[in-house]
Amino acid sequence: SSPGPSIQGHRRRSLAAMATPDDAPAVSDQAVRLRSFLRSRCGSLRSAFDALDARDLGHLSPEGFAAGLSRLGFEGDAAALFQRLDSAGRGVVSFRTFMEHVGGVAVRPEAGSVSERG
C-alpha cells in the first residue's frame, strides 16, 4: 500500500528542501540579521552597499565586504556570509545579487530601481 497524499506531498517538499543549494533557510536567517544591522548603521541597503564598496568598484569582493562590515562594527562571520552571497562562486557580489540575497528584492535592471522589503 502506498502512503496517503499528505505524506507524499510532505515527502516531496522535504526532498525539494534538501536539494536547495547553500542551505537556504540558514542564508535567509543570516540575511535578515545582516539586513537589520546594515539598515541600522547605514539607513538603507543602497547606502550600505556603497559603504561596503569603499573602492567604488560597483561590486563587493570578499576582502572589501569583510573590511566594510568590520568598519561598520559587524561582529559576525563576514567570510561565511560572503560565501553564501556569492552562490555563483565568482568571487564578487554585484548590487543586484546583494539586494536579492540581503534585501530579499528583485532589481529591475531596465529601471535601475529597487524596492526593499521588510
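Mentor: First, a definition: a crossing is left-handed if the near helix is turned anticlockwise from the far one by less than a right angle, and right-handed if clockwise. Here H3 passes H6 in a right-handed crossing. Mind that this is a predicted model, where local features need pLDDT of at least 70, side-chain atom pairs count only at pLDDT 80 or more, and totals for chains, interfaces and linings use all residues. Residues are numbered from 1 along each chain as its sequence is written, and side-chain values use heavy atoms, with hydrogens and water left out.

Trainee: Why are H3 and H6 called oblique to each other?
Mentor: Their axes, lines fitted to C-alpha atoms over the stretch in contact, cross at roughly 125°. Under 35 degrees is roughly parallel, over 145 roughly antiparallel, 65 to 115 roughly perpendicular and the rest oblique, so H3 and H6 are oblique.

Trainee: Which residues meet there?
Mentor: Leu 45, Arg 46, Phe 49 and Leu 52 in H3 meet Phe 95, Phe 98, Met 99, Val 102 and Gly 103 in H6; contact means heavy atoms within 4.5 Å.

Trainee: What makes the buried residues of H4 line one face?
Mentor: Phe 65, Gly 68, Leu 69 and Leu 72 are buried in H4, meaning under 20% relative accessible area, with exposed over 50% and partly exposed in between (1.4 Å probe, protein chains only). Down the axis of H4, they fall within an arc of 95°, so they line one face. The arc uses directions from the helix axis to the C-beta atoms.

Trainee: What does the face turned away carry?
Mentor: The exposed residues Glu 63, Ser 70 and Arg 71 of H4.

Note on methods: Helices (H or I, at least four residues) and strands (E, at least two) are DSSP runs, numbered from the N terminus. Axes are lines fitted to C-alpha atoms, for helices over the stretch in contact, and angles run from 0 to 180 degrees between N-to-C directions.
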